[in-house]
Amino acid sequence: MHHKGEKMKHKNFKLQQLITERRMSQAEVAKLANISSESRLSRLINLSIEPKEKELNNLSIVLDVKVEELGFRGRPNEGR
């Protein structure tokens, strides 16, 4: 990762909070949401990658919230 300034401090605190509130580990959530790895989920939380539509849907099911409540601002790229 490049450290140009401190602009990469953005984080999806909402998603992180949802996981913490459910007393689940990122590894558990990744597995249940069919996300390829814990590190991919971590990158989603750190907003360094965009979630796929399927990942958003799976996360909303696992965490029992609407997709809009997951804390991602934009819509993911369709058809990925």
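Helices (H or I, at least four residues) and strands (E, at least two) are DSSP runs, numbered from the N terminus. Keep that in hand as you click along.

**Before you start**

Residues are numbered from 1 along each chain as its sequence is written. This is a predicted model, in which local features need pLDDT of at least 70, side-chain atom pairs count only at pLDDT 80 or more, and totals for chains, interfaces and linings use all residues; side-chain values use heavy atoms, with hydrogens and water left out.

**Stop 1: the whole chain**

Select the protein chain. It has four helices and zero strands. Along the sequence the pattern reads α-α-α-α.

Now colour by pLDDT, the predictor's confidence in each residue, from 0 to 100. The mean over the protein chain is 87, and 80% of its residues reach 70 or more. Select residues 76-80, where the pLDDT is below 50. Beyond near neighbours in sequence, this stretch has seven contacts in the model (contact means heavy atoms within 4.5 Å). Where pLDDT is low, the predicted coordinates should not be read in detail.

Next, show the surface. The protein chain exposes about 5,900 Å², and carbon and sulfur atoms supply 49% of that area. Such areas come from the Shrake-Rupley method with a 1.4 Å probe; for residues, only the protein chains shown count as cover. Of the 80 residues, 30% count as buried. Buried means under 20% relative accessible area, exposed over 50%, and partly exposed in between (1.4 Å probe, protein chains only).

**Stop 2: helix 1**

Select residues 13-21, which form helix 1. Start at its beginning. A side-chain oxygen of asparagine 12 reaches to within 3.3 Å of the backbone nitrogen of lysine 14.

Which residues of helix 1 are buried? They are Leu15, Leu18 and Ile19. Look down the axis of helix 1: its buried residues fall within an arc of 95 degrees, so they line one face of the helix. That arc is taken from the directions from the helix axis to the C-beta atoms. An α-helix has 3.6 residues a turn, so residues three or four places apart point the same way.

Turn to the face away from the buried side. Phe13 and Thr20 are exposed there. Then bring back the rest of the chain. The cover over the buried residues of helix 1 includes helix 2 (26-32), helix 3 (38-45) and helix 4.

Step on to arginine 23. This residue follows helix 1, and its phi is positive, near 50 degrees.

**Stop 3: two salt bridges**

How many salt bridges does a search of the whole structure find? It finds two. A salt bridge is a side-chain nitrogen of Lys or Arg within 4 Å of a carboxyl oxygen of Asp or Glu.

Select glutamate 21 and arginine 22. Their closest N and O atoms are 3.5 Å apart. Glutamate 21 is partly exposed, at 45% relative accessibility. Arginine 22 is partly exposed too, at 30%.

Now select glutamate 55 and arginine 40. In this salt bridge, the closest N and O atoms are 2.5 Å apart. Glutamate 55 lies in helix 4 and arginine 40 in helix 3, so the pair ties together parts that are 15 residues apart in sequence. Are these two residues buried or exposed? Glutamate 55 is buried, with a relative accessible area of 5%. Arginine 40 is buried as well, at 14%.

**Stop 4: helix 3**

The buried residues of helix 3 are Arg40, Leu41, Leu44 and Ile45. Seen down the axis of helix 3, they fall within an arc of 145 degrees, so they line one face of the helix. They pack against helix 1, helix 2 and helix 4.

**Stop 5: helix 4**

Select residues 53-63, which make up helix 4. Its buried residues are Glu55, Leu56, Asn58, Leu59, Ser60 and Leu63. They pack against helix 1, helix 2 and helix 3.

Zoom in on serine 60, buried at a relative accessible area of 11%. Leaving aside its neighbours within four places in sequence, serine 60 is in contact with Val65, Lys66, Val67 and Leu70. Aspartate 64 follows helix 4, with a positive phi near 60 degrees.

**Last stop: arginine 73**

Select arginine 73, in the segment after helix 4. Arginine 73 is exposed, with a relative accessible area of 82%.

Notes: A polar contact is a pair of N or O atoms within 3.5 Å; within protein, one must be able to donate a hydrogen and the other to accept it, and residues adjacent in sequence count only if both atoms are side-chain atoms.
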